Amino acid sequence: MNSGKLNKLQTFLIATDKHRTWFVLFTIFILPSMYILVYLTDGTKNVYAHLTYIIIVFAGATLGFFGGLITGLAAGIMLGPFMPLDVANQIPQTFLNWSFRMLMFTFLGGLIGYITDTLRKSARIVLDLMCHNSETGLPNVNLLNNPDALSYDERNQMLITLLINNFDKIIDLMGLEVYYSLLRRIYEILRDGLPETALIVQCNNNKFWMATPLERPEEDIKKITAILKEGITIENVEYYIEFSLGYTFALNQKQSYRPGAFEKSDHAARYAQKNNLQYMLYRDDIKRGIFEAKLLADFTRALAGDELFLAYQPKVHLKTDKYDYLEALIRWNHPERGLLMPNDFIPLIEETQLIHELTEWVLRRVIEKIRELRKENYDVTISLNISVKNILDKNVVRRLAEIIDNNRDVVNNIEFEIMETILMETIDDTLETIEMYRNLGVAFAIDDFGKGYSSLSYLHRLPVECVKIDRGFTRNLTHDEASQKILQMVIGLCHALNYRVVIEGVEDETTAAIAKNLESDYAQGFYFARPIECGKILDWLKNKNRETSA
Ligand code: C2E
Ligand code: CA
Ligand code: CA
């Protein structure tokens with residue numbers, strides 16, 4: 001059914017509900033008027049009494065079964081014993097005459113009312129079906145066309161689009177039924193998290209739209225992000241959804257809930273999805289791609305200037321409590337936008353040749369840092385993130401190899417981190433290059449292990465020295481024994497294969513203790529240390545050293 005027909009259906013239902021009082025008052029007023037008309041036109045012997053049928057049909061159609069029945073009965077009584085056949089001569093009607101008419105009026109009123117009630121009931125069922133998704137039973141976009149379903153102040157709204165990015169993976173893995181249950185759970189979670197008057201609809205299989213009163217937009221977005229990041233349990237299995245949120249504000253717009261209004265939040269959500277961001281506020285420039293073009297131009301300038309810097313996040317050796325292993329993480333101090341984190345720009349940079357220059361820039365800084373720390377008697381290994389795009393480009397591979405070759409004294413302290421999912425997708429084309437670098441003395445770590453479809457069967461074939469367990473895995477450890485067991489097995493397997501193990505994303509003491517218990521070699525995470533600015537890392541190491549030797 002198209003929205004026009006749906007609208008008519010709603011108008012039909014809503015109009016009669018809304019104006020019921022008026023219809024009752026009108027009927028109460030018109031019935032005596034009818035009595036007076038018939039009386040003044042000389043009684044029932046003339047044809048005017050038949051006009052009453054119009055009133056009875058009207059009452060039945062607007063007031064339903066009982067309304068029609070009562071109106072028919074009242075009209076029958078009025079035009080019955082109280083109405084002469086001939087007024088001028090005061091001749092009364094026969095009993096048969098008026099009682100039969102009364103019966104006919106009552107029957108007609110009841111019948112029309114009954115038919116209307118049945119029609120309205122069916123229309124409500126159709127409307128209800130139309131406004132809910134047939135698979136999940138959740139409210140759908142048709143609800144937006146139903147102004148009566150919306151009880152909120154519709155003028156100042158925050159409109160939000162939620163995209164579920166890994167929906168196809170979940171469906172492949174668990175099937176549609178489980179996925180639908182997951183959508184229902186997401187709906188409930190959003191319902192609980194947002195203000196009561198918020199409107200939430202399932203737009204399609206991987207998209208929700210929300211309209212919520214514009215009170216504390218930033219907080220609301222952060223709250224939704226936080227609750228969606230938590231695992232969702234369906235039939236004792238915990239799922240993690242990957243999602244992107246886009247949002248925009250609709251101010252003083254009477255019809256902010258119309259589907260067209262969500263175009264902007266959709267744009268912002270797609271932008272967030274493309275750029276690996278958790279959420280994004282709509283801006284005109286992202287729609288036109290100006291934002292990206294400008295950022296790329298700015299990045300070229302940043303590479304040449306001093307806007308980029310590295311932060312080093314220490315990893316702790318769990319047996320000795322020593323911090324002899326760091327990860328270099330890029331930061332961008334943008335003159336207009338402020339401090340940008342990698343997720344704000346790396347995905348965009350990775351689509352261009354600039355990613356090669358970035359990796360080269362990071363590698364040079366890392367080499368300098370290793371030397372600088374060595375001078376201070378800290379022999380640390382520093383890992384840096386390398387994009388698979390770098391390894392697939394022959395010129396870049398050669399350039400990086402030259403840099404490494406020219407710095408042989410530190411080569412054994414360098415490690416490249418490469419993301420598991422991407423590595424596995426390209427292993428045939430990258431293996432040779434990785435082996436070449438390893439022969440030069442550089443180590444490799446597989447990053448975010450466990451984020452994709454980790455298969456233990458290929459673990460022994462990985463061309464790496466180190467496996468970094470993804471932080472998505474780590475956050476389950478404290479409350480999920482099954483995860484601990486799996487991790488224990490993975491760590492055992494890694495050790496049997498001579499890989500070093502780093503557990504990422506350790507945020508609390510309990511998780512740290514579990515990581516130690518499971519005999520992970522290293523742990524990395526906010527509990528031990530946040531990424532530390534390049535200028536401060538030496539002092540940090542010195543401090544730590546003092547603490548451990550004290
Ligand atoms: P990653 O390689 O997985 O890096 C770890 C990220 O997790 C860092 O975010 C770090 O700040 C964060 N992290 C560390 N401990 C914890 C913790 O306990 N809890 C939580 N929630 N997070 C923690 P950051 O610096 O924003 O980096 C994000 C990603 O950007 C990195 O993920 C990496 O894939 C990429 N990246 C960073 N620097 C570079 C770079 O120089 N080159 C390339 N190609 N990618 C980079
Ligand atoms: Ca990394
Ligand atoms: Ca990682």
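## Helices H2 and H3

In this predicted model, the axes of helix H2 (residues 20-40) and helix H3 (residues 52-78) come within 10 Å and cross at roughly 25 degrees. Axes are lines fitted to C-alpha atoms, for helices over the stretch in contact, with angles from 0 to 180 degrees between N-to-C directions. Helices (H or I, at least four residues) and strands (E, at least two) are DSSP runs, numbered from the N terminus. H2 and H3 are therefore roughly parallel to each other (angles under 35 degrees).

Residues of H2 in contact (heavy atoms within 4.5 Å) with H3 include Phe-23, Ile-30 and Tyr-35, and those of H3 include Ile-55, Phe-58 and Met-78. By class, this contact has 15 nonpolar, four polar and one charged residues. Ala, Val, Leu, Ile, Met, Phe, Trp, Tyr, Cys and Pro count as nonpolar, Asp, Glu, Lys and Arg as charged, and the others, Gly among them, as polar.

## Calcium site

Donors are N, O and S atoms within 2.8 Å of the metal (3.2 Å for Na, K and Ca); water is not among the atoms, so sites may look incomplete. Asp-447 also coordinates the calcium ion (ligand 2), 4.0 Å from ligand 3.

Asp-447 lies in strand E13 (residues 443-449) and Glu-504 in the loop between strand E15 (500-503) and helix H18 (509-517), 57 residues apart. Asp-447 counts as buried at 5% relative accessibility, as does Glu-504 at 9% (buried means under 20% relative accessible area, 1.4 Å probe, protein chains only).

## Conventions

Residues are numbered from 1 along each chain as its sequence is written, with chains lettered from A and ligands numbered from 1 in the order in which they are written. Local features need pLDDT of at least 70, side-chain atom pairs count only at pLDDT 80 or more, and totals for chains, interfaces and linings use all residues, while side-chain values use heavy atoms, leaving out hydrogens and water.

Key: Angles under 35 degrees count as roughly parallel, over 145 as roughly antiparallel, 65 to 115 as roughly perpendicular and the rest as oblique. Buried means under 20% relative accessible area, exposed over 50%, partly exposed in between (1.4 Å probe, protein chains only).
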